[in-house]
Amino acid sequence: MITRDSELANKRVVIASNRLPVSVSRKNGRLGISPSVGGLATGLSSFHRGSDGLWVGWPGINPGDTQNKLELEETLKKDYNCFPVYLTATDLKKYYHGFSNRTLWPLFHYFSTYATYDSSEWATYKKVNQMFCNRLLEVIRPGDIIWVHDYHLLLLPDMLRREVPDAIIGFFLHIPFPSMEIFRYLPWREDILQGMLGADLIGFHTYDYTRHFLSCVLRILGKEQVYGQLIVENRTVNVDTFPMGIDTDKFSTAASSPAVIKERELLDERLKPEKIILSVDRLDFTKGIPERLRAFELFLERYPEWHRKITYVMLCVPSRTKVREYQLLKSEIDELVGKINGRFDTPGWLPILYMYRSLPFEELVSLYSAADLALVTPLRDGMNLVAKEYLASQIDNPKGALVLSETAGAAAELGEAIVVNPNDINMMAEAIARGLSISEKDKKKRIESMTDRIKKYDIFQWTEDFLNQLCQTRDRQEHNRQFFLAEKERKEMQSDYNKAGKRLFLLDYDGTLMSLAGKPELAQPDSEIYSILSSLAGNPANTVVLISGRDSGTLTDWLGGAGVGMVAEHGTWIREADGHEWQLTNKGLSAGWKENVYPLLEMFSVRTPGSFIEEKSYALVWHYRKAEPELGNLRSKELVDALYDMLAGTDLQVLQGSKVVEIKPAGVNKGRAALHWLEKDAAWDFILAMGDDWTDEDTFSVLPDWSWTIKVGFAPFTGARFLLDSPAKARKLLKTLEEL
Ligand code: ADQ
């Protein structure tokens with residue numbers, strides 16, 4: 001049993017991300033190492049430093065000659081626990097600048113018009129993911145936790161899974177996961193989803209991204225989730241939300257350190273007596289920098305009383321400087337800053353202080369703690385750690401207000417900020433004015449409640465939470481694995497079978513012996529099913545009963561000659577193996593109710609393209625397997641709701657099966673029908689029941705404990721003793737029993 005709190009607490013965590021937390025650069029022929037900038041690196045570095053784990057990623061350079069390379073690798077390993085993956089210029093061009101940043105980044109941030117789709121870049125993306133996989137295989141030990149990060153490595157979890165089926169793999173996406181409407185543009189959408197599903201646990205910053213991912217998995221791969229769990233080749237994959245935190249102590253401690261206090265004094269002196277408005281971003285089109293500048297210009301236009309009393313410090317860290325869109329954006333920003341400063345400046349006052357560089361940590365914190373107002377207004381942002389870093393740096397007498405974009409993941413947690421639509425220039429200009437004039441008391445209250453929250457769920461809590469859940473997912477997998485019918489149990493079953501003198505088979509048909517088809521009439525038995533059933537039934541020691549929800553006519557047509565007993569309409573009708581007559585299990589049934597219920601089902605069929613009604617003698621069924629999955633699921637819930645209201649006080653029941661809603665008389669079910677055979681003969685010494693649906697649970701529930709009960713397909717909750725993952729395996733099992 002795996003639980004991180006115990007044994008796993010001692011396991012190594014091996015992080016894989018595009019960039020290492022340190023960047024290597026060459027200066028005057030010598031290699032220098034400095035911390036990497038960016039949300040992922042700054043966030044996770046704190047965790048990595050405090051653990052004995054490893055980190056695999058690109059160091060930002062190709063060291064060239066062997067001597068340099070060896071030295072670099074030694075230093076990275078010894079001082080930073082880092083293991084480099086080297087990328088060639090072509091790899092960088094196609095995998096990093098290309099597929100990662102020209103396809104996935106814009107698309108996942110809803111800038112679909114910026115996204116390009118180039119198959120050679122996709123090929124390199126796959127190749128580089130494989131290189132990461134190979135590098136990991138060199139450094140991991142059995143039992144390590146492998147934690148893959150971000151959109152550069154979406155294929156890596158599955159690649160690793162194929163090499164090390166038993167590996168413990170987590171995946172976290174730092175950027176938004178877009179809605180299906182956007183994600184579907186991607187020509188390689190199946191591969192990307194499959195790649196991610198190689199992980200045991202997949203994490204996102206917000207509930208919306210989690211929901212979008214699950215919806216894409218359903219609509220593109222047809223996989224249904226239950227409470228965020230998916231089944232992928234006999235494994236449970238867990239999908240959940242983990243809003244990333246920061247190292248709050250690091251920022252609050254730094255904010256009160258002598259170095260930062262000195263920096264702040266210098267800053268105050270330089271900008272006094274003005275109020276400071278601050279923004280800190282990587283220079284990226286998702287960060288909404290031009291929109292923010294326009295809003296600031298409008299604010300200056302509308303509120304001349306603030307002229308000379310404020311300075312907007314705009315800090316941009318250079319990013320992806322080789323990509324053309326970023327170069328164009330840089331020019332646009334330069335021009336806008338020039339224009340606004342030119343329009344409003346007066347001797348001794350410059351409205352915007354624009355810094356295009358990365359700042360050392362102390363200087364950054366001094367800016368955060370000196371600012372009266374922070375503008376965090378990205379057009380889209382997975383989370384945005386700057387907002388949290390700013391809050392964590394507000395110590396002593398918190399004085400800062402925060403304007404935050406509703407499309408940043410952080411907005412889900414920081415509701416006390418002044419929340420804006422980053423495309424609404426007017427709204428943002430007003431928010432700046434409001435942020436500057438908000439009362440001290442109000443500001444303090446807001447800041448404190450947000451700070452409390454980010455302290456509680458800081459980066460350490462975040463990593464612990466993710467890793468704990470990863471371990472729990474593995475626990476659950478192990479638990480489920482016990483239920484899959486293994487060779488050992490199969491042999492036991494065979495021996496029971498061989499010894500038994502009177503055997504009873506209770507078998508569901510659709511989804512159990514036959515894969516589910518889009519339309520019920522397409523699931524006709526093939527010759528294999530027919531021969532399995534008739535051979536089993538041909539053995540005089542065996543009684544084989546098909547227990548189905550289908551109508552008696554279809555069952556007679558399809559399998560009437562196989563020598564098997566049959567149950568139709570989930571237990572309404574039964575037919576003995578040696579008879580031809582169908583009998584009602586309950587003579588008092590009536591069908592008069594159908595004409596009242598039919599119109600409701602008809603209304604739902606019209607509103608749900610692809611769905612249809614099936615009429616049985618004592619039941620009505622609404623099928624939605626062919627409907628668009630999410631709409632079908634939604635409508636089925638609405639229908640069930642409406643039916644509960646309509647049928648309250650009647651003796652009818654509503655039954656939800658696999659993509660069907662069935663209305664039938666209460667008290668009729670497969671379990672009752674199974675009892676007919678069970679009670680017929682007390683001498684059964686072998687019973688095998690198989691089913692895939694909720695309706696089969698009634699069968700399982702009436703059988704003696706020692707019976708072989710098997711659920712076909714995954715179910716988080718079942719009364720069956722064992723699981724088999726497909727109708728093909730169910731058939732194979734029956735064939736082996738009778739040595740067919
Ligand atoms: P980023 O897009 O990099 O991260 P963000 O979360 O804001 O965005 O992190 C930026 C980091 O860079 C911060 O830690 C900040 O301190 C630092 N930084 C920015 N400008 C700087 C400067 N001039 N000098 C020094 N440091 C600077 C991605 C996603 C985000 C997500 C993070 C983490 O795009 O949405 O929040 O990963 O998951």
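## Aromatic pairs

Rings of Phe, Tyr and Trp, the last represented by its six-membered ring, form a pair if their centres lie within 6.5 Å. By this rule, the count in this predicted model comes to 37 aromatic pairs.

Let's look at one of them. Trp122 and Trp188 are stacked, with 5.2 Å from centre to centre and 20° between the planes. This pair links distant parts of the chain, 66 residues apart: Trp122 sits in helix α4 (residues 119–139), while Trp188 is in the loop between α6 (180–183) and α7 (189–196). Trp122 is buried, with a relative accessible area of 5%, and Trp188 is buried too, at 12%. Together with Tyr95, Phe99 and Tyr125, Trp122 and Trp188 form one aromatic cluster.

## A tilted pair

Phe505 and Phe686 also form an aromatic pair, this one tilted, at 5.9 Å centre to centre and 50° between the planes. Phe505 lies in strand β17 (residues 503–507) and Phe686 in strand β26 (residues 686–691), so the pair ties together parts 181 residues apart in sequence. Both Phe505 and Phe686 are buried.

## Around the ligand

Now for the ligand, which is surrounded by 27 residues; the closest are His174, Asp381, Asn384, Leu385 and Glu389. By class, this shell has 13 nonpolar, eight polar and six charged residues. Domain 1 (9–26 + 36–241) and domain 2 (248–455) both give residues to the shell, so the ligand lies between them.

For Arg282, a side-chain N or O atom is 2.9 Å from a ligand oxygen. Taken alone, the ligand exposes 710 Å², and the protein buries 96% of that.

Note on methods: Residues numbered from 1 in each chain as written. Predicted model: local features only at pLDDT ≥ 70, side-chain atom pairs only at ≥ 80, totals over all residues. Heavy atoms only, no water. Near = heavy atom within 4 Å. Polar contact = N/O pair within 3.5 Å; in protein donor to acceptor, adjacent residues only side chain to side chain. Areas by Shrake-Rupley, 256 points an atom, 1.4 Å probe, with all protein chains shown as cover. Nonpolar A, V, L, I, M, F, W, Y, C, P; charged D, E, K, R; others polar. Domains from an automatic or database assignment. Phe/Tyr/Trp six-rings, centres within 6.5 Å; stacked < 30°, edge-to-face > 60°. Helix = DSSP H or I, 4+ residues; strand = E, 2+ residues; numbered from the N terminus. Buried < 20%, exposed > 50% of the residue type's maximum accessible area, 1.4 Å probe, protein only.
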